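Please examine the sequence and the model shown below before reading on.

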Amino acid sequence: MKTKTEKWQQGLYPSEIITATCNCGHNIDHEKVGLERRYSFWMNLAQFLGVTPIPHQLIWYCRQCGKEFASTSDRDICDYYSI
Ligand SMILES: [Zn+2]
C-alpha cells in the first residue's frame, strides 16, 4: 500500500509508525488522524515558566474510529514535535 508520507518523515519515523494504520486503514499522515502530545510533569512546569516543552510521548489517533494506533517516545521525533 502506498502512503503519501514524505521522504524526510521516512528518515525520522521508524517503519512501524509509518506503516501503522487504524481500523479504517488511515495512516499517521491521514487528515482524520490526530496527534496527541503527552508531557511529563516537569515539561508542564517548563511550559508554565515559558520554556518550550518537549513531549515525552507522541500518540497518533484516528478521529473516525477513535483508535490510538501508533505511539513513540523517540527523542528525535519528540524534539521535532516540540512547539
Ligand atoms: Zn480509524
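The questions and answers that follow concern this predicted model.

Q: In what sequence do the elements of the protein run from the N terminus on?
A: The protein contains four helices and three strands. Read from the N terminus on, these elements follow the pattern α-α-β-α-β-β-α.

Q: What order do the three strands take in the open sheet?
A: The pairing within this open sheet is antiparallel. Neighbouring strands are turned against each other by 20° on average, with direction ignored. The order of the strands is 1-2-3.

Q: Why is one side of strand 1 and of strand 3 left without a neighbour in the sheet?
A: Strand 1 covers residues 33-38 and strand 3 covers residues 68-72.

Q: What percentage of the residues in the protein is buried?
A: A residue counts as buried if 20 or more other C-beta atoms lie within 10 Å of its own. The protein has 83 residues, and the buried share of them is 16%.

Q: What does the C-alpha trace of the protein span along its principal axes?
A: The span is given along the principal axes of the C-alpha trace. The values are about 45 × 25 × 15 Å.

Notes: Residues numbered from 1 in each chain as written. Predicted model: local features only at pLDDT ≥ 70, side-chain atom pairs only at ≥ 80, totals over all residues. Pairing = 2+ DSSP bridges. Helix = DSSP H or I, 4+ residues; strand = E, 2+ residues; numbered from the N terminus. Axes fitted to C-alpha atoms, helices over the stretch in contact; angles between N-to-C directions. Buried ≥ 20, exposed ≤ 12 C-beta atoms within 10 Å, placed from the backbone.
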